[in-house]
Amino acid sequence: MTPGPSRPAHSLPVYSSAMLPAVNGANMGDGLSFADELVLEDSYALAYGAELGRLSLHAGDDGRFVIADDTALGAPGATVVLDSCLTLMTRDSQVSELLVLVEVDAEGNAAEIYGLPLAPLHPKTDYLLVGIERDTALSRFAQVACVSFTRGKHIALATGEQRPIQDLRVGDRVLTRDDGPQEIRWIGQHTVRAVGEFAPIVITAGTLHNVRELIVSPDHRLFIYQRSDRIGAGRSEVLVKARHLVNGDSVRVQDGGFVDYFQLLFDRHQIIFAEGIAAETLLIDPRTRSALPRDLAEKMAASLPRHGDAAHLDFEIGRKLLDRPDAAELLRRATTR
């Protein structure tokens, strides 16, 4: 297994098993479990005082994950397996989904179960288990991991044209920061409820010298060249996740309704220009590979293992440096000529 520890780990907001017990049905009193032990029409609810914890994972090439050293939950170095996708329904017919991840000990036994909610779960609410899917778990997990632009956002083509992302076509040549004009290999698109991990991040006009607002998925990384290191990163070139810049004002979460997400794939992971902001394209790794159509994945099989061989991927900085309300403003000033 090659989790690539030199790359930043993926941080997931999860509930541990005991935080989501069955309150009615065959498993009443037991915590959340894996698919083989779950029973349809059991009801679950958040335990009193339940809070999301942070499970930090490195992705491996075999579809499994390894718990990273900086995790808040689980045993660093332990294997985690994506088990299933659960569909939950409230009494007023509101539907939400929950991904089940299983931490495995050295003997191959389940050491802990985690629930990754794809929409917020609320206290004092019963959730009826109405669906258990193993086949869709990877694709739903991939959708969370895929970096995406929203409908209407403009992408810079090699000609200088600024074209809305929904009007792009495979073969169009897009301007990239590192490799000049590059052809789009694939365009993905999906529509989801804009809640929880799927609620997009709005970067308002002017925040990072952008003329129009840019709206992206929460973990979308922006590339910023600092003329002066105001953030304390120790280097001029940095990648920052959009979610880490949220301040409730110039950068905010757009929660509610539905959102159309688009993904752009190139032969290599690229930095392109969206509404004037340098932003990454889809990176194919063990988390996102399931988002690709099977025929394309087979066609690109030889190049996919090297898809992320880009020096800029080492430029990501973590939340600690950005955990301040003026982070976006500091970065804006750092890029001013």
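The model is predicted, so local features need pLDDT of at least 70 and side-chain atom pairs count only at pLDDT 80 or more, while totals for chains, interfaces and linings use all residues. Residues are numbered from 1 along each chain as its sequence is written, and side-chain values use heavy atoms, with hydrogens and water left out.

Strand 9 (residues 127-133) is a handy place to start. Strands here are DSSP runs of E with at least two residues, helices are runs of H or I with at least four, and both are numbered from the N terminus; two strands pair if DSSP finds at least two bridges between them. Strand 9 pairs with strand 3 (residues 43-44) in the antiparallel sense over two bridges, with tyrosine 44 opposite tyrosine 127. Strand 6 (residues 79-89) also runs antiparallel to strand 9, joined by five bridges, and there threonine 87 faces glycine 131.

Next come the cores. A nonpolar core is a set of buried Ala, Val, Leu, Ile, Met, Phe, Trp, Tyr and Cys residues joined through side-chain atoms within 4.5 Å, buried being under 20% relative accessible area with a 1.4 Å probe, protein chains only. The largest one has 34 residues, and Phe149, Ile155, Leu222, Val240 and Leu245 have the most contacts inside it. Helix 4 (327-334) is one of the elements that each supply at least two residues of this core, and its four residues are the largest share. Another core, of 24 residues, lies apart and includes Leu101 and Tyr261.

Arginine 163 sits in strand 12 (residues 162-164). Its side chain makes a polar contact of 3.0 Å with that of glutamate 161 (N or O atoms within 3.5 Å, one able to donate a hydrogen and the other to accept it; residues adjacent in sequence count only if both atoms are side-chain atoms).

Technical notes
Buried < 20%, exposed > 50% of the residue type's maximum accessible area, 1.4 Å probe, protein only.
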